[in-house]
Amino acid sequence: MKLLPLLFSASLITLSAASDFIPPSNLKCVEAIGNTETIPLGIRPLFLNTLDVAPIPAPGSNDWLASHRERGQTFPQFKAGNFNVPDKDRPYLYLQPIGEESISDADKELLSKYCSDFFNTKVRLMDPLRVDPNRIRSRVNAFTSEPQLNAKDILTVLDLNKPKDAYAIIAFSETDLYPDESWNFVFGMANLQKSVGVFSFARYGDRDKDGTLYLQRALKVMTHEIGHMYGMMHCTYYHCLMNGSNNLSETDRSPMHLCPVCLRKLHEATQPDHIMRYTKLKKTYQSLEFTDAADFARSRVEQLLKAALQ
């Protein structure tokens, strides 16, 4: 299997050299989707209709692409990568709470259901993982005076404890995360080869005061990191869930959906019923009052139903 580096959504203490990123042309974006002739006619609009998908914006001075050089990943490159996919022996995505967290049972249920609907996969919730200081390092962030857990250590423990029927494990914690001493913090982190990932709720705001925004941030970061575990690199073509993020402002601006390039990668990996998928997501978004996301999902359902009648 091709070895791939760890991918982050994070903030550096000292930003690296500017990347001079220039958004790609529309032709480059279309080419990244790949040859669509093999896609069934009934779902081709998902990949050919880009009118409701925004081009990737030019990065601001503090945004991810202003400080990280990334070439992107086309669908043909993804397909050639031979990434892990769920199978009959490893069909489950496991959700792993970290430590004695206070995340409510209702929110855990939401995370599980959303993962199942978004990725067309079976989901199981694990018992909380005790933080062993001999296996998972910690520190106090000098900028915030808040405790942090080492994300790389968590990934190592997840890989060692992975159930035999697990395709992947995504862990979550209310404690802030860091990947190494040179980083201020990390929203989430995933290892593509091992199919393990982790994200933290620590920087999403107050659950009671910022309910809608808090949940949007949690669901975005969670699905972004799981997307890495399905082999998706950071997207550099459209405004997409899989865009890298340096800060909460950038995360908030990103959509909850996958662009046509990344959606085709998910289609290749899990072969979802797209009408069913977007219908379920629409209901969830409506119940959570995620207006923009609900409108997008409804538009996609309408396009698919229209294509089915032609």
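User: Which residues is Pro-260 in contact with, leaving aside its neighbours within four places in sequence?

Analyst: Those residues are Ile-33, Leu-46, Phe-47, Thr-50, Val-53 and Tyr-238, where contact means that heavy atoms lie within 4.5 Å. Before going on, please keep in mind that this is a predicted model, in which local features need pLDDT of at least 70 and side-chain atom pairs count only at pLDDT 80 or more, while totals for chains, interfaces and linings use all residues. Residues are numbered from 1 along each chain as its sequence is written, and side-chain values use heavy atoms, with hydrogens and water left out.

User: Why is Pro-260 called buried?

Analyst: Pro-260 has a relative accessible area of 1%, and a residue is buried under 20%, exposed over 50% and partly exposed in between, with a 1.4 Å probe and protein chains only. Pro-260 is therefore classed as buried.

User: What makes the residues around Pro-260 a helix, and where does that helix run?

Analyst: Pro-260 is found in helix α9, which covers residues 260–270. Helices and strands are DSSP runs numbered from the N terminus, a helix being H or I over at least four residues and a strand being E over at least two.

User: How is the packing of α9 and α10 described?

Analyst: Two packed helices are described by the angle between their axes and the distance between the axes. For α9 and α10 (residues 274–288), the angle is about 115° and the axes are 13 Å apart. The axes are lines fitted to C-alpha atoms, for helices over the stretch in contact, and the angles run from 0 to 180 degrees between N-to-C directions. On the α9 side the contact is made by Leu-263, Leu-266 and His-267, and on the α10 side by His-274, Arg-277 and Tyr-278.

User: How many residues of each class does this contact have?

Analyst: The contact of α9 with α10 has three nonpolar, two polar and one charged residues. In this scheme Ala, Val, Leu, Ile, Met, Phe, Trp, Tyr, Cys and Pro count as nonpolar, Asp, Glu, Lys and Arg as charged, and the others, Gly among them, as polar.

User: Why is Asp-153 counted as buried, and what is the partner of its side-chain polar contact?

Analyst: Asp-153 lies in helix α6 (residues 151–160), and because its relative accessibility is 11%, it counts as buried. The side chain of Asp-153 makes a polar contact with the side chain of Arg-137 at 2.8 Å. A polar contact is a pair of N or O atoms within 3.5 Å, where, within protein, one must be able to donate a hydrogen and the other to accept it, and where residues adjacent in sequence count only if both atoms are side-chain atoms.

User: Which residue caps the N-terminal end of α6?

Analyst: Asn-150 does, with a side-chain oxygen 3.1 Å from the backbone nitrogen of Lys-152. Within α6, the buried residues are Ala-151, Asp-153, Ile-154, Leu-155, Val-157 and Leu-158.

User: What makes a group of residues a nonpolar core, and how many residues has the largest one here?

Analyst: A nonpolar core is a set of buried Ala, Val, Leu, Ile, Met, Phe, Trp, Tyr and Cys residues joined through side-chain atoms within 4.5 Å. The largest has 62 residues, and those with the most contacts inside it are Phe-201, Met-222, Ile-226, Leu-258 and Tyr-285. Helix α7 (residues 211–229) supplies the largest share, eight residues. Apart from this core lies another, of 20 residues, including Leu-149, Ala-151, Val-157 and Ile-169.

User: Why is Ser-145 called exposed, and what is its phi?

Analyst: Ser-145 sits in the loop between β4 (138–140) and β5, and because its relative accessible area is 57%, it is classed as exposed. Its phi is positive, about 60°, although Ser-145 is not a glycine. Most residues other than glycine have a negative phi.

User: Is Glu-289 buried or exposed?

Analyst: Glu-289, in the loop between α10 and α11 (291–309), has a relative accessibility of 61% and therefore counts as exposed. Its phi, near 65°, is likewise a positive value in a residue other than glycine.
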